[in-house]
Amino acid sequence: MPWSFVPTQLDVKVVPGETALSFFTATNHHPTKAITGVATYNVHPPKAGLYFNKIQCFCFEEQRLLPGETVDMPVFFFIDPDYADDPQLATVNNITLSYTFFQTDMDDEEDDDDDDDDDDDDEEEDNKRAAA
């Protein structure tokens, strides 16, 4: 997938129970093709993932970038205040949120071919009606 995807800010200080906003910047480096992708996320350490709550995220929907387009993608989230009471996380002061993008429109030209097949089916149906 010819995208670059980087955090806009490397660190965000978050108080458990308070909402926070973070941005990631994505660029489609393909010179002629719009590309659609969807993101999956990971929280580390894994136990902290139980307390990480996304309110709004670009990862909830597919993202389509035009050729050469750069966009900022927001994540609105909070850390559950119960995080501070979990003895397994008593020594954890940093949580890492990461994303992986996967392309979802593997070949738009195949879609165009499918449309042509539908037209052929319509023509065959018209020919059957005309022959009857």
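The structure is a predicted model, in which local features need pLDDT of at least 70 and side-chain atom pairs count only at pLDDT 80 or more, whereas totals for chains, interfaces and linings use all residues. Residues are numbered from 1 along each chain as its sequence is written, and side-chain values use heavy atoms, with hydrogens and water left out.

K47 is one partner of a salt bridge with D86, in which the closest N and O atoms are 3.4 Å apart. A salt bridge here is a side-chain nitrogen of Lys or Arg within 4 Å of a carboxyl oxygen of Asp or Glu. Because D86 belongs to the loop between β6 and β7 and K47 to the loop between β3 (35–44) and β4 (52–57), the pair ties together parts that are 39 residues apart in sequence. D86 itself is buried, at 8% relative accessibility. In general terms, side chains of opposite charge can pair when their charged atoms come close. The whole structure contains 2 salt bridges.

The other pair joins D105 to R64, with 2.9 Å between the closest N and O atoms. Distant parts of the chain are again linked: D105 is in the loop between β7 and α1 (108–131), and R64 is in strand β5 (residues 63–65), 41 residues apart. D105 is buried, with a relative accessible area of 10%, while R64 is partly exposed at 44%.

These pairs are set in a protein of 1 helix and 7 strands, helices (H or I, at least four residues) and strands (E, at least two) being DSSP runs numbered from the N terminus. The order of elements from the N terminus is β-β-β-β-β-β-β-α. Of the 132 residues, 27% count as buried. Among contacts (heavy atoms within 4.5 Å) between residues at least 6 apart in sequence, 76% join residues at least 24 apart.

Individual residues illustrate such contacts. L89 is found in the loop between β6 and β7 and is buried, with a relative accessible area of 3%. Beyond its neighbours within four places in sequence, L89 contacts P45, K47, A48, Y51 and Y83. The C-alpha atoms of L89 and A48 are 7.3 Å apart, although 41 residues separate the two along the chain. P45 lies in the loop between β3 and β4, and the peptide bond from H44 to P45 is cis, with omega near 5 degrees. Most peptide bonds are trans.

N28, in strand β2, has 0% relative accessibility and so counts as buried. Residues up to four places away in sequence aside, N28 touches P2, W3, K33, A34, I35, L65, L66, P67, G68 and E69. Its C-alpha atom is 6.1 Å from that of P2, 26 residues away along the chain. N42, in strand β3, is partly exposed at 43% relative accessibility. Outside four places in sequence, N42 is in contact with T96, L97 and S98, and the C-alpha atoms of N42 and T96 are separated by 8.0 Å across 54 residues of chain.

The largest pocket holds about 710 Å³ of space. Its lining comprises 24 residues, of which D11, V12, V14, I95 and T96 are the closest to the pocket centre. The elements giving two or more residues to this lining are β1 (3–7), β2 (19–28), β6 (70–79) and β7 (96–103), and β7 contributes the largest share, 4 residues. A pocket is an open set of points on a 1 Å grid over the protein atoms alone, where a 1.4 Å probe fits, with protein on both sides within 12 Å along at least five of seven lines; lining residues have an atom within 4 Å of a point. Grid points are joined across faces, edges and corners, and the volume is the space filled by probe spheres set on the points. The lining residues divide into 16 nonpolar, 6 polar and 2 charged, with Ala, Val, Leu, Ile, Met, Phe, Trp, Tyr, Cys and Pro counted as nonpolar, Asp, Glu, Lys and Arg as charged, and the others, Gly among them, as polar.

The average pLDDT (the predictor's confidence in each residue, from 0 to 100) is 83, and 80% of the residues score at least 70.

Technical notes:
Buried means under 20% relative accessible area, exposed over 50%, partly exposed in between (1.4 Å probe, protein chains only).
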